[in-house]
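Hi there,

Here is the structure I promised to pass on. Have a look through it first, and my notes on what turned up follow below.

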Amino acid sequence: IVITPANEDFDMDEAVERVGCVFGISAYNRAAVCDKDMEKIIATACEYLKPFLQGVSTFKVEAKRSDKKFALKSPEICRDVGGALLSAFPHLSVDVHNPQTVVTVEIRDTDAYIRAGQLRGAGGMPVSSSGRAAVMISGGIDSPVAAYLMARRGLELNAIHFASPPYTSPRAELK
């Protein structure tokens with residue numbers, strides 16, 4: 001899934017934070033987008049990956065080529081981008097078996113995507129994939145935890161709370 005901003009003043013940091021809270025997404029990345037030209041891919045990779053490669057000593061490059069008409073094959077893309085990154089960041093070395101950072105170059109139909117630093121999502125199943133349910137929310141911790149676990153399993157929830165004064169305090173309603 002590719003999420004693109006609707007306009008220039010879109011807050012990407014907030015969007016990344018929100019995507020991480022969506023059930024059904026187990027992992028996600030921010031990515032740089034550029035034209036499908038190796039010179040532009042290498043230039044974009046060297047610029048965009050600076051923050052990801054500063055604090056690490058080993059990396060590897062993986063290429064995914066959805067567009068089979070692209071001139072280079074995946075191993076050639078890995079070789080060219082990896083060589084450019086080694087030249088741009090002399091403190092790095094390649095470790096294909098246990099890298100600290102995995103750089104991915106994905107060639108799609110219209111653009112190339114460069115990414116690194118995979119983030120962990122909320123996991124679980126997508127909302128509504130397991131039906132709908134109602135959950136009773138009390139003033140304690142058990143009911144919100146149960147609701148979270150049900151939502152993570154794909155249930156679309158309708159939360160219900162009812163107050164019964166004088167048997168419950170106003171504090172229970174505030175919670």
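Let's begin with two helices: α2 (residues 38-48) and α4 (residues 74-88) pack at an angle of about 45°, and their axes lie 10 Å apart. Because of that angle, α2 is oblique to α4 (under 35 degrees would count as roughly parallel, over 145 as roughly antiparallel, 65 to 115 as roughly perpendicular, and the rest as oblique). Axes here are lines fitted to C-alpha atoms, for helices over the stretch in contact, and angles run from 0 to 180 degrees between N-to-C directions. Helices (H or I, at least four residues) and strands (E, at least two) are DSSP runs, numbered from the N terminus.

A note on provenance: this is a predicted model, in which local features need pLDDT of at least 70 and side-chain atom pairs count only at pLDDT 80 or more, while totals for chains, interfaces and linings use all residues. Residues are numbered from 1 along each chain as its sequence is written, and side-chain values use heavy atoms, with hydrogens and water left out.

Which residues of α2 meet α4? They are M38, I41, I42, A45 and C46, and on the α4 side their partners are I77, D80, V81, A84, L85 and A88 (contact means heavy atoms within 4.5 Å).

Now the strands, where two count as paired if DSSP finds at least two bridges between them. An open sheet of 5 strands runs in the order β2-β6-β5-β3-β4, with mixed pairing. Its edge strands, β2 (31-34) and β4 (93-94), each pair on one side only. Strand β3 (residues 58-65) runs parallel to β4 and is joined to it by 2 bridges, with F59 opposite V94 of β4. Helix α4 comes back here: α4 packs on the sheet, touching β3, β4 and β5 (101-107), and its direction makes about 145° with that of β3.

Elsewhere, β8 (residues 132-136) and β9 (residues 156-160) pair in the parallel sense over 5 bridges. Within that pair, V135 has A159 in β9 as its bridge partner.
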